[in-house]
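Hello,

Here is the structure you asked for. My notes follow below it.

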Amino acid sequence: MPALSYDKDGYRLGFGMGFYDRFLADYNGMKLGLCYDNCMSESFWHDGYDISVDKVFTDKDIYTINTKERK
């Protein structure tokens, strides 16, 4: 999934329409994110219905999200 930014917990900052969160609500496969490395954030606010990804691919690195520590 493309994003403006991802945080270290794999939550996506997008355009605010909730399309990906609605799609992923019933999806059980691996969730992959895509953004530029300089757009990665330490953290930002997310709501209870926001769904995080399992990995984020950037132009410089691959971030694996620790799913056991997610809320």
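Which backbone nitrogen lies 3.0 Å from a polar atom of the side chain of Asp7? The backbone nitrogen of Asp9 does.

First, the ground rules. This is a predicted model, where local features need pLDDT of at least 70, side-chain atom pairs count only at pLDDT 80 or more, and totals for chains, interfaces and linings use all residues. Residues are numbered from 1 along each chain as its sequence is written, and side-chain values use heavy atoms, without hydrogens and water.

**Asp7.** Leaving out residues up to four places away in sequence, Asp7 touches Met40, Ser41, Glu42, Ser43 and Phe44 (heavy atoms within 4.5 Å).

**Salt bridges.** The count comes to 2. Lys8 pairs with Asp9, with the closest N and O atoms 3.8 Å apart. Asp54 pairs with Lys31, at 3.9 Å between the closest N and O atoms. Asp54 and Lys31 are 23 residues apart and link distant parts of the chain. Both Asp54 and Lys31 are buried.

**Sheet.** An open sheet of 3 strands (DSSP E runs of at least two residues) has the order S3-S4-S5, with mixed pairing (at least two DSSP bridges between two strands). S3 (32-34) and S5 (62-64) stand at the edges with a single partner strand each, so one side of each is left without a neighbour in the sheet. S3 and S4 (residues 55-57) run parallel, joined by 3 bridges. Gly33 stands opposite Val56 in S4.

Best wishes

Key:
Polar contact = N/O pair within 3.5 Å; in protein donor to acceptor, adjacent residues only side chain to side chain. Helix = DSSP H or I, 4+ residues; strand = E, 2+ residues; numbered from the N terminus. Salt bridge = Lys/Arg side-chain N within 4 Å of Asp/Glu carboxyl O. Buried < 20%, exposed > 50% of the residue type's maximum accessible area, 1.4 Å probe, protein only.
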